[in-house]
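Trainee: Could we walk through this structure together? I would like to learn how to read helices and strands step by step.

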Amino acid sequence: MSEHYTLADLRRAERIQILHPQFSTALERLSHSHALSRQGAAARHLLLIGASGTGKTSVLHSFAKQHPNYETAEATIRPVVYVQVPAHPTIRGLAEAILIALGAGVQPRSSTAEKTNQIVQLIRGSKTELLQLDEFHHFVDAGRRTFEEVTEWLKTLIDQIAIPTVLSGLPECEWILRSNEQLRRRFAARVALTPIGFSCNEDKSLFRDVVHAWDTQINQGRPIWGLADWECVRRLHYASNGLLGYLSKVILGDWNA
């Protein structure tokens with residue numbers, strides 16, 4: 001591409017989210033669980049899985065942005081709390097990550113039970129309506145004993161807070177849930193994000209539509225000539241393997257070249 005793009009252009013491109021069918025379906029499932037809970041139904045939890053680059057984190061961030069924090073005279077209200085599970089996690093590490101996301105300071109010497117109680121109280125005080133735990137697959141690398149312990153702790157926590165909880169991560173999350181049958185049943189509802197294929201005309205058209213939509217958004221309604229050309233689309237799919245998280249990197253890499 002011969003046009004010159006500014007840093008502002010690149011930043012805008014990195015924030016673009018295309019509401020393709022899978023993305024929209026995942027958002028709808030989160031919205032459904034959230035709405036039912038607000039209407040008084042029992043909490044319905046969700047497992048969001050997919051390969052790296054399929055858009056799991058983007059779905060969570062998009063939903064959180066639809067329900068931003070706000071201030072009242074009494075407290076900061078946090079309708080949706082997003083937590084990134086730390087690498088090499090433990091129960092204590094996850095509990096502290098949740099506390100930080102809730103705006104609390106961490107007390108290093110407090111026990112797990114004290115941290116758990118603090119989480120419950122803060123979620124109630126913040127009127128939190130949905131909890132998101134991203135990168136949950138990190139527990140796979142923590143060892144069997146650790147993820148057995150954390151699944152039991154998490155089961156108890158979600159029962160106490162009684163709000164919809166979303167676990168998000170790689171397909172390996174399934175292994176973690178298998179270690180605790182009761183937790184697995186709580187997350188029986190699943191949404192899987194997959195790469196967009198290129199083997200049939202429907203998939204090809206969808207991928208081309210995504211490329212065109214991305215192209216149009218970054219150029220504020222003036223798509224780059226030729227980016228949605230079929231040969232270019234084919235090359236972009238080959239380079240990104242249909243993973244939308246990588247598609248933007250392929251195109252942005254071309255800009256930076």
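Trainee: Are helix 9 and helix 10 roughly parallel or roughly perpendicular to each other?

Mentor: Good place to begin, and keep in mind that this is a predicted model. The axes of helix 9 (residues 201-218) and helix 10 (residues 230-240) come within 10 Å and cross at roughly 95°. Angles from 65 to 115 degrees count as roughly perpendicular. Helix 9 and helix 10 are therefore roughly perpendicular.

Trainee: How many charged residues are in the contact of helix 9 with helix 10?

Mentor: Let us list the partners. Helix 9 brings K204, S205, F207, R208 and V211, and helix 10 brings W230, V233, L236, H237 and S240. Asp, Glu, Lys and Arg count as charged. By class there are five nonpolar and three polar residues, and the charged ones number two.

Trainee: How many helices and strands does the protein chain have?

Mentor: Here is the wider view. Of the 257 residues in the protein chain, 44% are buried. Among contacts between residues at least 6 apart in sequence, 73% join residues at least 24 apart. As for the elements, the protein chain has 11 helices and seven strands.

Trainee: Which strands are the edge strands of the open sheet?

Mentor: Start with the order, which is 4-5-6-1-7 for the five strands, with parallel pairing. An edge strand pairs on one side only. From one strand to the next, the twist averages 15°. The edge strands are strand 4 (80-84) and strand 7.

Trainee: Which residue in strand 5 does V83 stand opposite?

Mentor: Look at one end of the order 4-5-6-1-7. Strand 4 and strand 5 run parallel and are joined by five bridges. In strand 5, the residue opposite V83 is L133.

Trainee: And at strand 7, which residue stands opposite L47?

Mentor: Here the neighbour is strand 1 (residues 46-50), which runs parallel to strand 7 and is joined to it by four bridges. The residue of strand 7 that stands opposite L47 is R190.

Trainee: Which residues form the covered face of strand 7?

Mentor: In a regular strand the side chains alternate between the two faces of the sheet. Strand 7 covers residues 190-193, and its uncovered face has R190 and A192. The covered face has V191 and L193.

Trainee: At about what angle to strand 7 does helix 2 run?

Mentor: Helix 2 lies across several strands: strand 1, strand 5, strand 6 (165-169) and strand 7. Relative to strand 7, helix 2 runs at about 160°.

Trainee: Are helix 2 and helix 3 oblique or roughly parallel to each other?

Mentor: The axes of helix 2 (residues 21-38) and helix 3 (residues 56-66) come within 10 Å and cross at roughly 50°. Under 35 degrees would count as roughly parallel, and 65 to 115 as roughly perpendicular. Helix 2 and helix 3 are therefore oblique.

Trainee: Is the crossing of helix 4 with helix 5 left-handed or right-handed?

Mentor: The axes of helix 4 and helix 5 come within 10 Å and cross at roughly 25°. That makes the two helices roughly parallel. The contact includes I91, R92 and A95 of helix 4, and T112, K115 and Q118 of helix 5. Helix 4 passes helix 5 in a crossing that is left-handed.

Trainee: Is I100 buried or exposed?

Mentor: I100 is found in helix 4 (residues 91-101). Its relative accessible area is 53%, and over 50% counts as exposed. So I100 is exposed.

Trainee: Is S126 buried or exposed?

Mentor: S126 sits in the loop between helix 5 (112-125) and strand 5 (130-134). Leaving out residues up to four places away in sequence, S126 touches T76, I77 and R78. The relative accessible area of S126 is 5%, and under 20% counts as buried. So S126 is buried.

How values were computed: Residues are numbered from 1 along each chain as its sequence is written. This is a predicted model: local features need pLDDT of at least 70, side-chain atom pairs count only at pLDDT 80 or more; totals for chains, interfaces and linings use all residues. Side-chain values use heavy atoms; hydrogens and water are left out. Buried means under 20% relative accessible area, exposed over 50%, partly exposed in between (1.4 Å probe, protein chains only). Two strands pair if DSSP finds at least two bridges between them. Axes are lines fitted to C-alpha atoms, for helices over the stretch in contact, and angles run from 0 to 180 degrees between N-to-C directions. Angles under 35 degrees count as roughly parallel, over 145 as roughly antiparallel, 65 to 115 as roughly perpendicular and the rest as oblique. Contact means heavy atoms within 4.5 Å. A crossing is left-handed if the near helix is turned anticlockwise from the far one by less than a right angle, and right-handed if clockwise.
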